[in-house]
Protein chains: 4
Amino acid sequence: MTDLTDITTPLAAQAIELPSWAFGNSGTRFKVFGSPGTPRDPFEKISDAAQVHKHTGLAPTVALHIPWDLVDSYSDLRKHAEDNGVGLGTVNSNTFQDDDYKLGSVTHSDPKVRQKAIDHHFACIDVMNETGSRDLKIWLADGTNYPGQDDIRARQDRLADSLAKIYERIGEDQRLVLEYKFFEPAFYHTDVPDWGTSYAHTAALGDRAFVCLDTGHHAPGTNIEFIVAQLLRLGKLGSFDFNSRFYADDDLIVGAADPFQLFRILYEVIRGGGYANPDVAFMLDQCHNIEKKIPGQIRSVLNVQEMTARALLVDTEALKKAQACGDVLGANGILMDAFYTDVRPALAEWRESRGLPGDPMKAYAASGYQEKIEAERVGGTQAGWGA
Amino acid sequence: MTDLTDITTPLAAQAIELPSWAFGNSGTRFKVFGSPGTPRDPFEKISDAAQVHKHTGLAPTVALHIPWDLVDSYSDLRKHAEDNGVGLGTVNSNTFQDDDYKLGSVTHSDPKVRQKAIDHHFACIDVMNETGSRDLKIWLADGTNYPGQDDIRARQDRLADSLAKIYERIGEDQRLVLEYKFFEPAFYHTDVPDWGTSYAHTAALGDRAFVCLDTGHHAPGTNIEFIVAQLLRLGKLGSFDFNSRFYADDDLIVGAADPFQLFRILYEVIRGGGYANPDVAFMLDQCHNIEKKIPGQIRSVLNVQEMTARALLVDTEALKKAQACGDVLGANGILMDAFYTDVRPALAEWRESRGLPGDPMKAYAASGYQEKIEAERVGGTQAGWGA
Amino acid sequence: MTDLTDITTPLAAQAIELPSWAFGNSGTRFKVFGSPGTPRDPFEKISDAAQVHKHTGLAPTVALHIPWDLVDSYSDLRKHAEDNGVGLGTVNSNTFQDDDYKLGSVTHSDPKVRQKAIDHHFACIDVMNETGSRDLKIWLADGTNYPGQDDIRARQDRLADSLAKIYERIGEDQRLVLEYKFFEPAFYHTDVPDWGTSYAHTAALGDRAFVCLDTGHHAPGTNIEFIVAQLLRLGKLGSFDFNSRFYADDDLIVGAADPFQLFRILYEVIRGGGYANPDVAFMLDQCHNIEKKIPGQIRSVLNVQEMTARALLVDTEALKKAQACGDVLGANGILMDAFYTDVRPALAEWRESRGLPGDPMKAYAASGYQEKIEAERVGGTQAGWGA
Amino acid sequence: MTDLTDITTPLAAQAIELPSWAFGNSGTRFKVFGSPGTPRDPFEKISDAAQVHKHTGLAPTVALHIPWDLVDSYSDLRKHAEDNGVGLGTVNSNTFQDDDYKLGSVTHSDPKVRQKAIDHHFACIDVMNETGSRDLKIWLADGTNYPGQDDIRARQDRLADSLAKIYERIGEDQRLVLEYKFFEPAFYHTDVPDWGTSYAHTAALGDRAFVCLDTGHHAPGTNIEFIVAQLLRLGKLGSFDFNSRFYADDDLIVGAADPFQLFRILYEVIRGGGYANPDVAFMLDQCHNIEKKIPGQIRSVLNVQEMTARALLVDTEALKKAQACGDVLGANGILMDAFYTDVRPALAEWRESRGLPGDPMKAYAASGYQEKIEAERVGGTQAGWGA
C-alpha cells in the first residue's frame, strides 16, 4: 500500500469550504435549541469559521447565504474575513422563506413570483461580484405536497426558462451550480429531485453550469459514489455539499453515519480526476442542532481529511490487476486495506510539521475561544436559518 | 358485494378526533407560512374544529396538546367546546420544546430532567381530570443524533421507569397511549422507534397502557396493516394518528398519498374487531403547511369515512371462500372490487338523509365562515407549534 | 368531469405488449413453483398470450426474449402469432445467464466477453429483422457485489463503447431502448441504475436510442411520474415495463400494489403527449409466481385500461384553473375525483359494444382454455427463465 | 483506550457458526453460477467449513439445513465433522421448497399442509437429537403476494398454534429460535416480518424460545443495534445471522457493506451482556454468488473478529463520563476512536501466538486446498439451495 509520506502533496492541496450558517442555530420543525456564544451577525460567523481554518489548515473559505448573510458592505466583510485568514466563497441563494414562495419560486405559475425569484438571483450575482465569489449555488425548495396541486411538466419548462435567465447573467469566470434533493420541504414532488434532472438542466444551460451533489439528498439505498463517477465522466460535477444521514436529509457531521460510504465517495472523486480539481468544490452543508458548532465543523473537516488520506492510500496498481483478473475478494481486500488503515497518528505528525496542532479538537478546546464568545456574545439575536 | 344500505349502522358510529394543532400554523424547518384567519388561542382552534364536525358529523371531539393548549380554565374551554357541539378528547404531552430536553426527557441521564418530564405528564393528567379526557397520549422526541452520544440500553431502562411512574398516576378509567416513530427529530436512534418497543413497554405497564399507531411513523415499505392486525390480536392497539406520507413523517392529509393503503388498514381494523370499538380511537395528526386548514380537516375525515365505507363493503363471505381454496386472483379481486367502488354518491345521499350537507367541502366554502375568521382574526399571534 | 363516452377514441387506441416469459414459470431464488398447463415452447407461449388479446382487445403483440424464445424459424413463429390474432413485438436480449457473464457482459473488463455480449445483440437484431420488430430492449444485469470489485468509471466507458457498436447495427426504423434498474442481481453497484444514466447514454447514442422505464426499478419513495414527465419533456421515453412492487423488483401485477401511483403515472403520460404515441410503447414485465398466468395477464391489461380511463377523465380545464390560482385542495380534488370514479361498469358496456366480453376474467374462466392446456400439456419441460 | 492485550480473553472466547449452505452454490432468481470445487454432499461441505476453522480458530461448528443436508447417518456426519476438528450446530428447517408450501407452510389455511410443516420440524428435532444440536432455527417464507390473498390475522393465529406444537416437542436443553424477515420471497405481507412479531410469539411460547436477528432482514434505515439492545434487555436475543446488505436481503459478506454498522451492533452486544454469552449464538448466513466460498467465509469470520476487537476496545469508563455530562462530540469521539483503530496487525500477532496463521486468507490460498478440491470434485451434482 502507498505510504502516507507519498500522499502529502495531494493532502496539502485540500480545501473545504465552510457554510456560514453552520455557525448559527439550526434545528428541526419541532424545536431550534439555542446555544451560548452563537454569532449574531455574518461577521461573527466568519470569525468562528476562521477558527476552524486556524486549527486545521483545511478550511480557507466561507460560503455565504443570501439573505441570511446580507451586510451593508461586502468589502468590509471581505476584509474581516481576510484579517481572520480566510476568504469568502460560494454564494447561496434562498427562495424558500418569502411568503410569495409558498407554492414555488422559479417554477411558480405566476410570472411575477418567478421574476422576483430571478431578481433575487441577480442580487446574489451582485454580491458575488463584490465578494469575488466564483459560484452561485442554487438549491430550490420548489415542489408540491399533493398530486394535482400543480403541473409537474409545466414547472420543468418554467424552471428551464428561469435558470436560463439567471445563467445569462453570471460572468465568464462564474458558474451556476444546481443542487438536487430527493424531498423536503416539498412532500409529493420536488422540481429538482435527482442528479438526472440537475444534469439535464445544466447540460442545456452550458459549460458554466454544473451539478452540486449533496451527500444527504438521495433516496434510501442510493449508490452515491456511482453518481460521483458518472458526473465526473460527464464533466458536470461542480461541487459537493458534504454531510451525513441515517434517514432523510439529516445534515449530520460528514462521515458520522457511514464512514465507509464517505471513503468510497472520495475514492471515486480521486479515481475520476475530481480531487484537487478546481472544477469540483468541496463544501460542508451541515446542521449542529445539539452539538457545539465550531468543534462540530473541526470534526467535519478532519473527517474529510482522514478519509481522503485513506482513499489516497489505495494501491491502485494492485487494484487494477486484481480487477483485471476478476479476483473479487482480492480487489475488495485492497480497497478495504486502505479504509482500515489508521491514518490518524501520521496525519497528526504531518499537521504538526506544518505548524498546525496535532489534535485540532483539543487545541480548539484549549484555546479559550469558546469561553470567550460565550462570555462576550450576550444580547442581540442569535443567528439562525431565519437570519 | 355488500350494499351501502347495509353498512349505515357502522358508518353512523364513526367518530374521528381532530387535533387542535391542525388549525394552527405548521411547516418545515425551512419555513412556517402564516395564513389569514389562523386561530390565536385554544378557544378559536376549537371553534374551527367544530366547523368540521358541523359539516360532516364525523368529528365530535378535539384533542389537546399541552402546553400549546394551556388555558386558565378548562371548564371554560370545555363549555366553549360543548357550546360549539363538540367535546374535548385526548391530551397530548410535549417534552420536546423546553431547553432542558435538548438531549432527552423521560430518558435523560439526569434524574432532574426526567422528573421534570414526569411532572409535566402529571400536569397533563390534571388537565385530563378537568376536561374529562380518557387518554394520555405520549409521543417522545427522545433519541440521539450520533452513535455513542448516549447509552441506548440505559435509556430504555430509564424510559421504563419514567413510564411506570406516569402510568401509576392515571385513573382507573384513563389510559396511557404510547406512540412510536421511526425517526425525527432524532437522527441516529429514537427511543421508541417501532411498534415492538411500544408494545414491550405497554405490555410491561399493564392493561390500561396501549400503543398508538401513527400511519406516517414507519420505515419505507413497512406493511402497516400487518401491524394493525398484530396489535389488535395482542389486544394493544389503543389509537390511530391518521395522516399520509410519501417519504418521511410528511403529515399530509390522510388518504392523499396512498388511498389503497388506507383502505387496507381500515379493512384490517374492521377484520380484527377494532372498528367502532371504544378501545381503538381514531385521530388525525396532520399538518396543513400550504393548504387551508379547516377544509383540509374536512377532506381528511371524509377520506377516512369514504375508505371505511369501501372497507365495510368487502364481501367477507366470498373472500373467505376464495382464500380457503387458494384462489389468489379471486381473493384479491374481491378486495379490489370494494376498493374500486365509488361510494361517494351514496354517501352524499346518506349524509343528506341525516341532515348533513351532501358535499361538506362545498358547504363549508359557501358558509362564509372562512371569510369571517379571515376578517375578524386580525392582530394577535397566530397559533403554531410554538404556542 | 369528462364522460366516458368522450374518451372512447383514445381508449380504443390502447395497445399493451405482453412478455412471452410471463406465461412460463417464474419465482424467487428460493423456489420456482411449477403450474399445470405451462407452455413448453415459444409457440405455446404465444397461443396463451393470444388468449389475453382475444378476451380484452388490448394486447395485440408479444415481446420475445432471446435466447428463451429461440426457434428454428421466426417466419413460422410469426405465422403462428398471426394465425392466433397477434403479432411479434419487442426483442429482449439476455446477457445474464451465460457463465462468461458472471462479472459482467457489455461492461466486462475482458474485451472477448464484451464482444460476445455485443454479438448476442447482433443476433437479436437478426431476429428482429425476421420478426419485423422495431425495438431492441436492453436490460443489463451488469454490476458488482463488492466495493472495489471492479472499476465503476471504466465500466461506464466500456458500456458506452459497447452500446455504440450495437446502436450502429440497428436499422433506420429500429430503436435501441435501454432499461435501468436500481439493484438486483448486483448488490453493490449496477451499471445502469437510474434514469439519469440511461438518459446520458441514449442521448449520446442518437435519435433512435430511448429509455425504458420499468415501474419496479426505482429506489424506495421515488416519484415515478416525475421521471415520466421529465423523459417525455426530453423526448427520450421509449417504453414502459409495467408491473408493481411493495419492496424491491417484486414484478407483481401492475396496479396491484399502488393503484393511485399507476393513475398518476398514466396521467403524466397523457399530459406529456406520451399516450397513444407510437414512440412510447406500453409493455408488461411481470412474474406470476403463485397466481395463474393467463388470468394474471388479463387482470394486468385491464388494470392499465381502467386506470387509463380514469386518467383520461381528469377535467384538465378545471385543473388548470385551480392550479393557476393556487387552490391546493381544489386542484388535488379534481385529480382525485377522476381516480375515485368507478369506470368499470361503463368499460364493460363499451367492451361489449365492441364484441368483447364485458368481464374478460369470467369469460376466460368460462372458455375452457385453461382446462384444455392443463390436460394437453403433459410431458416436456415447462418454460421458465432458463428456457 | 483499552489495549488489545487486555481483550484477548474475550477474543479467545469467540465462536462463529458457519452455514453449510455457504459452501454450496447460490445466486439470484436470474442465475446461479457454478464454481469449480463446489461440494457435492454434506460431508464435503463440512470438510470445507473445517478449513475456515483451521485457518482462523473462529468457526468450531457448522449449521445444517434440512433437507439440504439430509444424510443416511448423522453419527457418520458427526464423526466426519469431529475428525475435521469441528462440530455440528444449529439445525435449520426448510418449508419453502415443497410444492405444498406454495401458499404457506405453518400458516397455511389447510390443516394438512400445516401438519406436514409441523412434522418436518419434528423430523428436524429428530436430527438435532442425533447431532446433539441445541437450536432449532425456524425461518419461514410464509406470506402473501397480493392484498386479500389470505387472512393476515388468521395466519397469525395459525402460526401461533403451529409454533406451540413444535415448541412442545423440543427437549429441555434445546431451543426454538424464530427468525424474522422484512420481505422475500413474499412480496405483499410476510408472516414474521419484524422483531416485534418474533418477540410476541417467542414470549408466548416460553423460556426456551428466542428471536434470531438476521442483519439483512430489516427495512431500509432500520437501526439494528437498537433492536439488539432491546432484545437483550428483554432476554430474548437467541442468535444472529450475520451478513451484510446494501438494498434488500443481499446476503453479502458480513461487514462488507457497512463496517461501522457491524461495529455498532457488536458494541451493543457487548454492552448488553450478549457477547461470549451462550444464549446468544453468532452465526453467518451468507451467499457467495460470485466470489470463492471458502475464502469468502474466512473473510467473514475475520471481519467479525476484527470488529469485535474494535468494539471491545471502547473506553467504556470515559464514554460513560462523556455521556453523563452531555458531551455529544466527546462521547461520539470515544466510540469512533475505537472504530478507527487498526487492530489487524495486533490480531495477526496474537493469532500467530496461538499457532494460527497471521494472515488466514494468504494461508488458505497457499494451502493448496482449493486446487485440490477443484481437481478432485469432478462429476456429481454441485450442492446448492435445491440440495
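Biologist: In this predicted model, which residues of α7(B) meet residues of α8(B)?
Modeller: On the α8(B) side, the partners are Gln261(B), Arg264(B), Ile265(B), Glu268(B) and Val269(B). The residues of this contact divide into six nonpolar, one polar and three charged. From α7(B) come Ile224(B), Glu225(B), Val228(B), Ala229(B) and Leu232(B).

Biologist: Are α7(B) and α8(B) roughly parallel or roughly perpendicular to each other?
Modeller: Two packed helices are described by the angle and the distance between their axes. Here the axes of α7 (residues 224-233) and α8 (residues 259-271) of chain B come within 8 Å and cross at roughly 15°. Angles under 35 degrees count as roughly parallel. So α7(B) and α8(B) are roughly parallel.

Biologist: Is the crossing of α7(B) and α8(B) left-handed or right-handed?
Modeller: The two axes cross at roughly 15°. The crossing of α7(B) and α8(B) is right-handed.

Biologist: Where is Asp251(B), and is Asp251(B) buried or exposed?
Modeller: Asp251(B) lies in the loop between β9 (237-242) and α8 of chain B. Its phi is near 55°, a positive value in a residue other than glycine. Most residues other than glycine have a negative phi. Buried means under 20% relative accessible area. Asp251(B) has 3%, so Asp251(B) is buried.

Biologist: What is the phi of Ala276(B)?
Modeller: Ala276(B) sits in the loop between α8 and β10 (281-284) of chain B. Ala276(B) is not a glycine, yet its phi is positive, at about 55°.

Biologist: Is Tyr101(A) buried or exposed?
Modeller: Tyr101(A) is in the loop between β3 (87-92) and α4 (111-131) of chain A. Tyr101(A) touches residues including Phe96(A), His120(A) and Phe33(B). Its relative accessibility is 7%, so Tyr101(A) counts as buried.

Biologist: What is the radius of gyration of chain A?
Modeller: Chain A has 14 helices and ten strands. The globule rule gives 21 Å for 387 residues, and chain A comes close to that, so chain A is as compact as a globular protein of that length. The radius of gyration of chain A is 21 Å.

Biologist: What share of the residues of chain A count as buried?
Modeller: The C-alpha atoms of chain A fill a box of roughly 60 × 55 × 40 Å. Of the 387 residues of chain A, the buried share is 69%.

Notes:
Residues are numbered from 1 along each chain as its sequence is written. Chains are lettered from A and ligands numbered from 1 in the order in which they are written. This is a predicted model: local features need pLDDT of at least 70, side-chain atom pairs count only at pLDDT 80 or more; totals for chains, interfaces and linings use all residues. Side-chain values use heavy atoms; hydrogens and water are left out. Axes are lines fitted to C-alpha atoms, for helices over the stretch in contact, and angles run from 0 to 180 degrees between N-to-C directions. Helices (H or I, at least four residues) and strands (E, at least two) are DSSP runs, numbered from the N terminus. Angles under 35 degrees count as roughly parallel, over 145 as roughly antiparallel, 65 to 115 as roughly perpendicular and the rest as oblique. A crossing is left-handed if the near helix is turned anticlockwise from the far one by less than a right angle, and right-handed if clockwise. Contact means heavy atoms within 4.5 Å. Ala, Val, Leu, Ile, Met, Phe, Trp, Tyr, Cys and Pro count as nonpolar, Asp, Glu, Lys and Arg as charged, and the others, Gly among them, as polar. The radius of gyration is taken over C-alpha atoms; the globule rule is 2.2 Å times the number of residues to the power 0.38. Buried means under 20% relative accessible area, exposed over 50%, partly exposed in between (1.4 Å probe, protein chains only). Lists of a residue's contacts leave out its neighbours within four places in sequence.
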